[in-house]
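Notebook open, model loaded. I'm jotting things down as I look them up, one topic per entry.

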Amino acid sequence: MVRCLQVDTVLHNAKICIRGTIIEAGIAIDEGKIVKIAKTTNLPAASTKTDLKGHIVLPGLIDCHVHMRDQQLAYKETFLTGTSAAAAGGITSVIDMPNNKPVTMGSFSLTERMKVAEKHALTNVAFNSAFPKRLEEVAEVVNAGAVGFKVYLSNRIGGIDVDDDEALLAAFREAAAKGVPVAVHAEDREIIEERRREMETAGQNDADAYVAAHPPEAEMQSIQRILQLVKKSGVHVHFCHVSSKLGLDAVLVAKKAGLPVSCEVTPHNLLLSSEQYSRSGFFALTDPPLRTQEDVYALWSALKRGFIDVIASDHAPHTIEEKNVNSVWDAKAGIPGLETTLSLLLTQVNKAHLSLAELVRRTAEEPSKIFHLNKRGVLEEGRWADLVVVDMKREYTIDSSRFLSKAKYSPFDGMRVKGKPLKTFVNGKLVMDEGEIISEQNTGNIVRHI
Ligand SMILES: [Zn+2]
């Protein structure tokens, strides 16, 4: 016989998005997990009951491309400010990137970083590591909890020589053996450096010169190079922020051939073109850059045909001073995205450019599958109660001066959006309510590879 127990929380009068279908029901939460989704009358008694007033509940977003900074880069962002921004934006789990100070590239640096995150994070945090110097350490990094590795083909970050195919292949085989994916920033270093030298020699130092120094060919060629290593190693490669039609086409060929690859696009590459530089200057500078309208169309077309696996913010905060420089070669590339991603995408849902089911698939279900965040990303019994309540009708204007992130700038400043995260629950706890952070620090968990 089932006993009628009292649970911690019941959320009722809600429309719940479960694997693409919306049902009118409530959610019972106990000890951080979803214990029941049912009509309100069938839910157990609860210590706290919250009326969601008919709003839609989505799985909290899993943003698999976030630079949390902190440690020696705490002046740009910390786990506290970054995860506050995430919670404000309806994101309940982030995957942190390794290009930190110190670089995350071994079990020691990873563990140190986890300790900092554990004290402060309001959302769940998982970690990608760069490859360590010694191959034997790859397994140790995974055992310490990294959910994946990140390779930068455009810079030298981490312990292995990314220009050396044999070294990369050996590292990929180790990752494959441990069952973790490799996320790749695919831009060919030699092409970029050569183009940049040409531009600098010609005295060109504006955003157009930066775009010219990061041509789509650089993206395409390095994707093709990595695909050869995928074939040989069998590792799952996740291509970060694919930005161009050429790059995308290379990924699609691999997908059609059945290779274990996935790809990601950013809201900025989906919604802005390089024309934005004339309005936002270096505040719109990202790596890879904003591209042509034709590239934007290609990304949308692929998204609509189901070829884009993930939408991730590539939240890459910098200071205003690092952006307010005269030469693009002195400017830092990267924009904050945690607080704009969901509203920008809900706006696209309201315009019928994207379905809510597709939004959830690309921002929660797929990232949880690719990086094995097994008990998250879907609203169902037994999973963690990571969820966001959204008001589809609420309109507002993006204003970066109100961001909780330390990076108070955005190329989306002044843009009108429709659709807003109202409440964010992380592990069953209400962390954000109407834009305000209301929980104590460390409501988030460190999510480890298991
Ligand atoms: Zn990035």
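Entry 1: I clicked on glutamate 434 first, and it comes out as partly exposed, with a relative accessible area of 44%. My scale here: buried is under 20% relative accessible area, exposed is over 50%, and partly exposed is in between, using a 1.4 Å probe and protein chains only. Before going on, a reminder to myself that this is a predicted model, where local features need pLDDT of at least 70, side-chain atom pairs count only at pLDDT 80 or more, and totals for chains, interfaces and linings use all residues. Residues are numbered from 1 along each chain as its sequence is written, and side-chain values use heavy atoms, with hydrogens and water left out.

Which residue does glutamate 434 form a salt bridge with? It is arginine 394, with the closest N and O atoms 3.2 Å apart. I call it a salt bridge when a side-chain nitrogen of Lys or Arg is within 4 Å of a carboxyl oxygen of Asp or Glu. This pair links distant parts of the chain: glutamate 434 sits in the loop between strand 16 (429–433) and strand 17 (436–437), arginine 394 is in strand 14, and 40 residues separate them. Helices (H or I, at least four residues) and strands (E, at least two) are DSSP runs, numbered from the N terminus. Arginine 394 is partly exposed as well, at 29% relative accessible area.

Entry 2: I looked at arginine 189 and glutamate 193, whose side chains meet at 3.1 Å, N to O. Both are in helix 5 (residues 189–201), and because they are four residues apart, about one helical turn separates them. Arginine 189 counts as buried at 9% relative accessibility, while glutamate 193 is partly exposed at 35%.

Arginine 376 and aspartate 386 are both buried.

**Entry 3: the zinc ion.** Which protein atoms are the donors of the zinc ion? They are His65 (NE2), His67 (NE2) and Asp314 (OD), lying 2.1 to 2.3 Å from the ion. Donors are N, O and S atoms within 2.8 Å of the metal (3.2 Å for Na, K and Ca), and as water is not among the atoms, sites may look incomplete. The sequence spacing of the donor residues reads H-x1-H-x246-D. Histidine 67 is in the loop between strand 6 (61–66) and helix 1 (79–88), and aspartate 314 is in the loop between strand 13 (310–311) and helix 12 (320–323), 247 residues apart. Histidine 67 is buried at 6% relative accessible area, and aspartate 314 is buried at 7%.

**Entry 4: asparagine 100.** Asparagine 100 lies in the loop between strand 7 (91–96) and helix 2 (107–120). Is asparagine 100 buried or exposed? It is buried, with a relative accessible area of 5%. The side chain of asparagine 100 reaches the backbone oxygen of methionine 97 at 2.9 Å. Leaving aside neighbours within four places in sequence, asparagine 100 is in contact (heavy atoms within 4.5 Å) with Arg69, Gln71, Leu73 and Arg113.

**Entry 5: helix 3.** In helix 3 (residues 136–143), the buried residues are Glu137, Val138, Val141 and Val142. Seen down the axis of helix 3, they fall within an arc of 145 degrees, so they line one face of the helix. The arc is taken from the directions from the helix axis to the C-beta atoms. Those buried residues pack against helix 2, strand 8 (124–129), strand 9 (148–152) and helix 4 (165–178). After helix 3 comes glycine 145, with a positive phi near 120 degrees.

Entry 6: I traced an open sheet of eight strands in the order 6-7-8-9-10-11-12-13, with parallel pairing. Strand 6 and strand 13 are the edge strands, each pairing on one side only. Two strands pair if DSSP finds at least two bridges between them. Strand 11 (residues 237–239) and strand 12 (residues 261–265) pair over three bridges. Phenylalanine 239 has cysteine 263 in strand 12 as its bridge partner.

Conventions:
A polar contact is a pair of N or O atoms within 3.5 Å; within protein, one must be able to donate a hydrogen and the other to accept it, and residues adjacent in sequence count only if both atoms are side-chain atoms.
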